[in-house]
Amino acid sequence: MRSKLWPELAGFAALALVVAALPRFISDFRARELAIVGMYFIALLGLSILTGYSGQISLGNGAFMAIGGYTTAVLSVNGVYGHQIRDLWTIPIAGVIAGVAGLLVGVPALRLSGVYLALITFGIAVSFPQLPKKFDHFLGGTTGKILNLAKPPFGLATTTNNWMYYLTWGIALVLLGVAWWLVRGKTGRALKAIRDSEVAAASSGVSLATYKTFAFGISAFYAGVAGSLYAIANAYVNPDVFPIILSVYLVVGLAVGGVDSLVGLIFGAGLIYFLQNHADTVAGWINHLPALSLDPKQPGIPSMIFGAVLIVVMLLLPTGVGGLVRRLFGSLTSRLYTRS
Amino acid sequence: MVLAAFTWTEFAQQLAAGIREGAIYAGLALAIVIIYRSTRVINFAQGEMATFTTFIAWSLMNHGLSFWTAFPIVLAIAFAGGVAIERVVIRPVEGAPVVTVVIVTLGLALLLNGLMSVIWGGANRQFHGPFSTRTIDVAGVPISVQDIGIVAVSVGLVGLLALFFRFTKLGLALRAAAVNPESSRLVGIRVGWMLALGWGIAAVLGAVAGMMIAPVVFLDPNMMQTILLYAFAAAVLGGLDSPIGAVVGGILLGVTITLLGRYVGFIGSTLKLPAALMLILVLLLVRPGGLFGRVAVRRV
Amino acid sequence: MSVLELHNVEARYGPVKALHGVSLQVGDGELVAVLGANGAGKTTTLRAISGTVRRSGDIVFAGKKLPRRPESTARAGIAHVPEGRGTFSELSVWDNLRLGAYTRRGRIKQETQRVFEFFPQLEGRRDQQAGTLSGGEQQMLALSRAMMARPRLLLLDEPSLGLAPIVVKVIFEALERMKSADGMSVLVVEQNANLALAHAARAYVLEVGNVVVEGTSDELRANESVRRSYLGY
């Protein structure tokens with residue numbers, strides 16, 4: 001394991017450099033797009049700890065993102081005792097509150113296995129958008145809440161989009177480091193043992209309950225932070241900002257990207273962003289193929305295309321893009337979680 | 001939580017409506033369980049497959065066929081479609097991790113949903129069902145003929161399937177392939193085709209559910225999405241590997257949700273699904289395998 | 001007249017080779033035993049024949065090349081009772097028997113009557129869930145399931161495993177009677193070499209995926225090294 005340390009640190013440093021330098025070469029709008037990709041990346045990072053590492057499937061992390069987003073909205077609009085909180089400071093609070101929610105889910109989750117857990121968490125994802133509608137005086141109902149536009153702090157001379165970019169990817173790198181540190185140590189070994197064989201792990205004295213619940217809490221914390229950032233970038237929240245399908249897209253992004261590959265997670269985050277926002281673009285590309293004439297504007301075509309793409313990709317790459325990259329580049333790629 | 005004004009007549013009607021809802025959930029839940037039992041896969045495309053076949057029924061009826069003439073044709077198409085999907089789309093990823101296969105079914109759902117919009121457009125349309133909407137008097141309570149018809153057809157179908165599974169050689173082979181594929185091969189059963197058969201039967205169940213519910217709600221590409229969620233809940237409630245559980249769970253869920261939604265003001269119509277979720281979660285804590293399911297007990 | 005011939009059959013589990021070219025044969029109506037220590041490849045040999053594991057090399061069954069898939073070998077007339085019996089534990093005894101006769105057309109009344117004659121205990125437990133039977137009864141059920149198909153060749157993997165000696169006696173007696181009634185050939189894998197040689201006409205000894213000794217039961221009993229390693233005297 002020692003020998004892997006330097007390549008991994010080098011990879012991390014390279015990523016940090018790319019992140020820092022990129023805005024100089026891209027448009028303001030692209031910066032915003034990449035910022036949002038970064039938010040999905042953070043959410044996927046958390047999900048990969050839960051699913052890839054402790055082996056619990058959650059189809060409900062979109063709800064944790066929503067908790068984070070709504071926390072930020074409520075704190076910065078309603079405030080505490082009328083005192084509005086600056087959006088920046090709401091981020092860690094949103095993360096913690098989402099994390100606590102994750103721990104609360106993690107406790108009953110202990111009793112559920114595999115598919116049952118997946119379906120129950122899916123139920124959470126489905127139910128969650130109903131809550132703002134029910135408690136509309138507090139959470140804004142279907143119209144939602146409008147936040148103040150995000151401003152760079154301390155009067156830094158940079159655009160809003162660039163600011164969001166740096167904020168998001170800065171946090172992403174920090175959280176990546178935290179995740180890396182977590183999985184390298186005792187926690188990581190415990191989680192890995194649990195994933196590979198719960199019975200063996202428990203017989204060796206690993207406290208299943210603690211670590212599995214902890215994994216849920218961590219993944220929820222990450223999702224909450226991501227949701228909070230998204231709320232700030234979006235400047236408003238309503239049930240449609242964190243729809244049911246988001247939880248599904250997170251799992252799709254995780255699986256297509258490849259559960260334990262850094263490159264895969266970034267790819268997965270990009271995929272989710274694409275799915276949410278650029279359905280018609282892909283349709284337009286397909287239109288250029290001979291013998292196919294599809295009107296990209298026609299409703300239904302984007303869904304068809306993405307459905308087909310998902311099917312084909314999973315048929316060709318059952319272990320996701322990360323698996324493919326690993327096969328192509330072997331030991332050069334840094335692995336988030338080494339399998340012993 | 002406010003208990004709204006109560007009359008026995010209305011209660012009976014709500015009960016009937018709940019049973020009717022439950023019958024629909026039961027059919028779809030049974031489809032989910034059949035596929036899950038044999039392949040350990042949750043078919044997220046079950047709802048879209050059902051809506052698609054309902055659209056085909058609509059088209060046939062639009063071309064002049066009566067409901068009951070179109071009915072067997074649609075069932076045959078649904079069966080063939082289900083078998084084809086399993087052989088073409090699912091079989092290649094048979095050995096892959098479950099997450100992969102689930103995503104394939106999700107992709108299939110997206111694909112079918114889009115295809116429906118493309119072929120038939122997204123607008124609501126009326127679906128003329130086989131049962132009249134008038135009510136008849138049952139012990140002093142006006143019950144809709146349609147509700148009775150829906151329940152009768154659903155129960156009839158489930159009953160036929162039960163007989164099929166219990167008494168026919170093919171039904172036995174299907175059951176065997178689901179519980180022990182290795183041994184099934186050793187006695188000469190072609191397990192692959194049994195899985196395809198399971199998908200075909202599930203598709204037929206979905207088609208019937210779709211054609212039964214379409215007259216009640218309007219027919220549009222997203223018709224079955226919420227119903228599918230309730231069907232998942234019903235399947236989990238009954239136990240994912242228990243066909244009996246799916247049927248019982250479906251009816252139980254339908255009745256409970258309808259009554260809760262009507263008589264507990266706090267829940268109303270917005271919180272029906274979250275309420276269902278809560279109830280099922282509590283049940284699973286007590287019985288992790290659902291009402292009739294089996295979960296391997298791990299003693300550590 | 002041999003009903004089964006293996007010519008240099010190899011088999012592997014992933015990167016590990018389990019059979020390094022095994023050749024053997026079973027005559028028509030013969031009971032042949034396969035002996036050897038754990039990990040010698042005995043179970044793999046049976047699996048290679050029934051098609052449960054991938055193999056290379058030729059297998060000739062009743063004069064024809066044997067297909068490689070388990071469904072096809074079953075239809076060809078080979079019944080395999082695997083390690084662990086392969087019972088459909090969630091189904092009833094009756095359903096298990098019906099499944100055994102899956103490849104047969106028509107009524108199975110005659111076969112079921114025979115089975116209940118050999119193992120009357122099973123008749124009383126017709127509707128009981130197979131997984132709740134005792135070990136001995138499950139072995140009887142497994143054997144019965146195989147017999148329902150009226151196979152030409154029966155592959156038996158460790159029939160005595162985990163059973164009390166008196167139960168084993170009953171089972172082997174039934175096996176002998178079934179064999180003589182149907183003219184069926186049997187290839188049995190056994191760790192209990194004494195038991196196997198008492199019933200078998202011929203036997204093969206496997207070591208690490210190779211046949212090291214072969215011959216009649218008498219010849220093997222007379223063989224020094226076989227006696228020391230496998231017979232215990």
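View 1. Buried here means 20 or more other C-beta atoms, placed from the backbone, within 10 Å of a residue's own. This is a predicted model, where local features need pLDDT of at least 70, side-chain atom pairs count only at pLDDT 80 or more, and totals for chains, interfaces and linings use all residues. Residues are numbered from 1 along each chain as its sequence is written, with chains lettered from A and ligands numbered from 1 in the order in which they are written. Chain A has 16 helices and two strands, taken as DSSP runs (helices H or I, at least four residues; strands E, at least two) numbered from the N terminus. Of its contacts between residues at least 6 apart in sequence, 76% join residues at least 24 apart; a contact puts two C-beta atoms, placed from the backbone, within 7 Å.

View 2. For the complex, the predictor gives an ipTM of 0.90 and a pTM of 0.85.

**View 3. Zooming in on helix α11 of chain B, residues 272–286**. Its end C-alpha atoms sit 22 Å apart, which agrees with the 21 Å that 15 residues should span at 1.5 Å a residue, the expected span being 1.5 Å times one less than the number of residues. Its buried residues include Leu273(B), Leu277(B), Ile280(B) and Leu284(B). The buried residues of α11(B) pack against α5 (114–127) and α6 (130–134) of chain A, plus α9 (225–238) and α10 (243–263) of chain B.

Technical notes
A residue is buried if 20 or more other C-beta atoms lie within 10 Å of its own, exposed if 12 or fewer, and partly exposed in between; C-beta atoms are placed from the backbone.
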